[in-house]
Amino acid sequence: MDNLLIKQQEKSDKIGSLESLIKSNSDPRELKRALAVKMSIEGYSDRIIAQILGVSTSFVRDWKKAFKVGGIAGIKLGHKGAIGKLTTEQRREIIEWLKDKDYWHLDELIDHLEDKYEVVYKSKQSYYDLFEASKIRWKRSQKVNPLFDEELVKKKRTEINDFLAKHKTEIETGVMAVLFIDECHLLNGDICGYVWGQTKVRIEVPIKNEKDRQTYFGALNYQTKEFTIEAYPSGNGEATVKFVKNLQRKHPNQKIVLIWDGASYHRFGEFREYLTEVNQAKSPDNLEVTCILFAPNAPQQNPAEDIWLQAKSFLRKYWYLCRSFWAVKKLFELFYDSSKFDFPKIHQYNFSQEIK
């Protein structure tokens, strides 16, 4: 109990000293540091503090550490005023500091220069020049699913390749059609991307409703490389059954193998009932429709996904033709009617038992 009281008193003292600094009409830089530390002590996360104060999370971490080591003195400015520019040695130090990480946010660099060297540039180009000198380029961030399991993906790829090798003769003679299936949800906003334009001219794309949406089902034939697409109101069990029935009509007298993701409407409900009806009590080697699932949380396994990306890149290239969502859909569909696709991802699946 005594320890708890002591900790509570220490916390109260720290907050009190910080509040005194905040109320003392201190330098804005000191104020920002004190607020960050005070909010942290009060239980706010670094991310929330950074959002509220408009700083980076590293700014919050650095000044928490400085306060822990030196108290109020640790977060106060060493001297007032600001030097006009960096010295050669300081510039070298900053470049080395920048090289320590794979990526940075501009705010982190601004905070670092202001806090350590008390330099604030009027133009952002001066900060960009430091990034350039450190060989740091402007890049688009990429989405990564934290649930992605590389080992499970490898295991699934081996399983699929083993299946293809086992049924090599049936596939090559047309007894079996292996189809990679995927759905694409086309949005009006998909036409927006990077374009070249005059520096002072804003590039505007006329979009009345960015949420306009069209769902497409696609099937890539492993053997022939033919890609079939059909439009549906949405991705659900009813649309899945209709699409697979159409694929069966397109491949008469062939066994159908569907390789796709584990969406719930691929495994349950209407499609599961259809699968039971069409396969009845046949043995696994004689099923009319066989389903193989990719590893979860890894859409990049599917070669069909790559084709959708090619089509959306095509849309962004000809964005100036898309004056309505009707035009977006027609141009999207035209791509499939007139193009020869690249299949860089389909080569991970082959008849060999060995993964290349």
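User: What should I keep in mind about the model and the numbering?
Analyst: It's a predicted model, so local features need pLDDT of at least 70 and side-chain atom pairs count only at pLDDT 80 or more, while totals for chains, interfaces and linings use all residues. Residues are numbered from 1 along each chain as its sequence is written, and side-chain values use heavy atoms, with hydrogens and water left out.

User: Why is Lys 85 called exposed?
Analyst: Its relative accessible area is 64%. Exposed means over 50%, buried under 20%, and partly exposed in between (1.4 Å probe, protein chains only), so Lys 85 counts as exposed.

User: What does Lys 85 touch?
Analyst: Leaving out residues up to four places away in sequence, Lys 85 touches Gln 90 and Val 119; contact means heavy atoms within 4.5 Å.

User: What makes Arg 92 and Glu 89 a salt bridge?
Analyst: Their closest N and O atoms are 2.4 Å apart. The rule asks for a side-chain nitrogen of Lys or Arg within 4 Å of a carboxyl oxygen of Asp or Glu, so this pair qualifies.

User: How do you know that Lys 156 and Glu 159 form one too?
Analyst: Same test: 3.2 Å from N to O falls within 4 Å, so they pass.

User: Why is Lys 156 buried but Glu 159 partly exposed?
Analyst: Lys 156 has 15% relative accessibility, so it is under the 20% limit. Glu 159 has 40%, so it lands between the 20% and 50% limits.
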